[in-house]
Amino acid sequence: MKKLFPKRSARAAKLSSLILIGGLASTQLTGCFTVGQEFAGSRVPEIKIGQTTRQEITDIFGRPWRTGMEDGKTTWTYGIYKYSLFGADDTQDLLIRFDPQGVVRSYTFSSTRK
């Protein structure tokens with residue numbers, strides 16, 4: 001009986017598989033990945049230290065991406081971090097610190113956006 005796939009075809013199939021796998025891997029490497037969630041960075045100037053409340057922050061930015069504590073006081077973080085192997089990174093983060101009454105006591109905003 002004659003072989004359906006001669007030796008040469010088996011090598012060609014193996015090479016084709018390697019090329020396909022390599023091509024798929026390279027597209028994954030050229031992509032980017034994102035962590036966090038978008039928020040309205042343009043509205044950060046609306047935050048007033050000693051005046052803006054947690055509820056007002058929620059109304060402006062939505063639910064925080066992360067919550068935490070700093071020196072025993074509540075912190076909220078809004079952040080979006082988009083990383084690319086071959087392009088510019090696109091990141092924004094906003095860390096808000098509240099006093100015990102739930103009013104903004106300080107905040108830090110950083111961005112790579114122009």
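Trainee: Which residue in strand 4 is the bridge partner of Thr75?

Mentor: Strands are DSSP runs of E with at least two residues, helices are DSSP runs of H or I with at least four, and both are numbered from the N terminus. Strand 3 and strand 4 run antiparallel and are joined by eight bridges; two strands pair if DSSP finds at least two bridges between them. In strand 4, Thr75 has as its bridge partner Arg97.

Trainee: On what kind of model does this rest, and how are its residues numbered?

Mentor: The model is predicted: local features need pLDDT of at least 70, and side-chain atom pairs count only at pLDDT 80 or more, whereas totals for chains, interfaces and linings use all residues. Side-chain values use heavy atoms, with hydrogens and water left out, and along each chain, as its sequence is written, residues are numbered from 1.

Trainee: How many residues lie between strand 2 and strand 3 in their hairpin?

Mentor: Strand 2 and strand 3 run antiparallel, joined by five bridges. Asp71, in the turn of their hairpin, has a positive phi of about 55°. The number of residues between the two strands is two.

Trainee: Which residue of strand 3 stands opposite Arg66?

Mentor: Arg66 lies in strand 2, residues 66–70. Contact means heavy atoms within 4.5 Å, and, neighbours within four places in sequence aside, Arg66 is in contact with Thr75, Trp76 and Thr77. The residue standing opposite Arg66 in strand 3 is Thr77.

Trainee: Is Arg66 buried, partly exposed or exposed?

Mentor: Buried means under 20% relative accessible area and exposed over 50%, with partly exposed in between (1.4 Å probe, protein chains only). Because its relative accessible area is 46%, Arg66 is partly exposed.

Trainee: How many residues make up the largest nonpolar core?

Mentor: A nonpolar core is a set of buried Ala, Val, Leu, Ile, Met, Phe, Trp, Tyr and Cys residues joined through side-chain atoms within 4.5 Å. The largest one includes Trp76, Tyr78 and Ile96. Helix 2 (54–61), strand 3 (73–84) and strand 4 (90–98) each supply at least two residues of this core.

Trainee: In what pattern do the helices and strands follow one another along the sequence?

Mentor: The protein has two helices and five strands. Read along the sequence, their pattern is α-β-α-β-β-β-β.
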